[in-house]
Amino acid sequence: MKQNLPNEDAKDLSTVGGYVSGQLTAHILERCGSDLTRDNVLKQATNLRSPPIGMLREGVSISTSPDNYLPFSSARFIRFDGARWVTFGEPVAMKDEASR
């Protein structure tokens with residue numbers, strides 16, 4: 001981050017969210033190949049199974065389906081120890097609005 005985004009705060013979680021979103025978008029577009037139609041982009045985005053996305057903590061993955069657009073089913077608690085982000089506790093299951 002010091003090399004590519006020297007003016008950004010490494011402790012700012014919105015920076016991480018933007019990075020993950022960018023990686024996910026690139027992954028979806030790569031899966032589309034040369035068929036960049038709306039239908040194919042939607043098909044690829046709604047059929048994700050643990051794409052290789054950096055910065056996700058162990059135990060957290062992305063998965064979507066045509067019936068469930070929520071990309072995360074679990075989350076991890078992290079805190080900044082002054083030098084790096086440290087995971088603590090077990091993954092926490094998340095529920096989508098449809099299951100409430």
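**Close-up views of a predicted model**

View 1. Residues are numbered from 1 along each chain as its sequence is written, and side-chain values use heavy atoms, without hydrogens and water. Is H27 buried or exposed? With a relative accessible area of 17%, H27 counts as buried (buried is under 20%, exposed over 50%, partly exposed in between, using a 1.4 Å probe and protein chains only). Setting aside residues up to four places away in sequence, look for L48, P51 and P52, which H27 touches (contact: heavy atoms within 4.5 Å).

**View 2. The largest nonpolar core.** Which residues make up this core? Seven residues do: V16, V20, L24, I28, L48, I53 and I62 (a core joins buried Ala, Val, Leu, Ile, Met, Phe, Trp, Tyr and Cys through side-chain atoms within 4.5 Å). L48, one of these core residues, is also among the contacts of H27. Pick out V20 next: beyond its neighbours within four places in sequence, V20 is in contact with I53, G54, M55 and L56. Of those contacts of V20, I53 is itself listed in the core.

**View 3. S50 and its backbone angle.** S50 is found in the loop between α2 (38-45) and β1. Most residues other than glycine have a negative phi. S50 is not a glycine, yet its phi is positive, about 50°. The residue counts as partly exposed, since the relative accessibility of S50 is 47%.

**View 4. V60 in the loop between α2 and β1.** V60 also has its place in the loop between α2 and β1. How far apart are the C-alpha atoms of V60 and S50? They are separated by 9.0 Å, with the two residues ten apart along the chain. V60 has a relative accessible area of 14% and is therefore buried. Not counting residues up to four places away in sequence, V60 touches F72, S74, A75 and R76.

**View 5. The stacked rings of F77 and F88.** The structure holds two aromatic pairs (Phe, Tyr and six-membered Trp rings with centres within 6.5 Å; planes under 30 degrees apart are stacked, over 60 edge-to-face, the rest tilted). In the pair of F77 and F88, the ring centres are 5.9 Å apart and the planes meet at 25°, so this pair is stacked. The pair links distant parts of the chain, with F77 in strand β1 and F88, eleven residues away, in strand β2 (residues 85-93). Strand β1 itself covers residues 74-80. F77 is partly exposed at 48% relative accessibility, and F88 is partly exposed at 30%.

**View 6. Zooming back out to the chain.** Two helices and two strands are present, arranged along the sequence as α-α-β-β. The C-alpha trace spans about 45 × 40 × 20 Å along its principal axes. What share of the 100 residues is buried? The answer is 18%. Among contacts with a separation of 6 or more, 25% come from residues 24 or more positions apart.

Conventions
This is a predicted model: local features need pLDDT of at least 70, side-chain atom pairs count only at pLDDT 80 or more; totals for chains, interfaces and linings use all residues. Helices (H or I, at least four residues) and strands (E, at least two) are DSSP runs, numbered from the N terminus.
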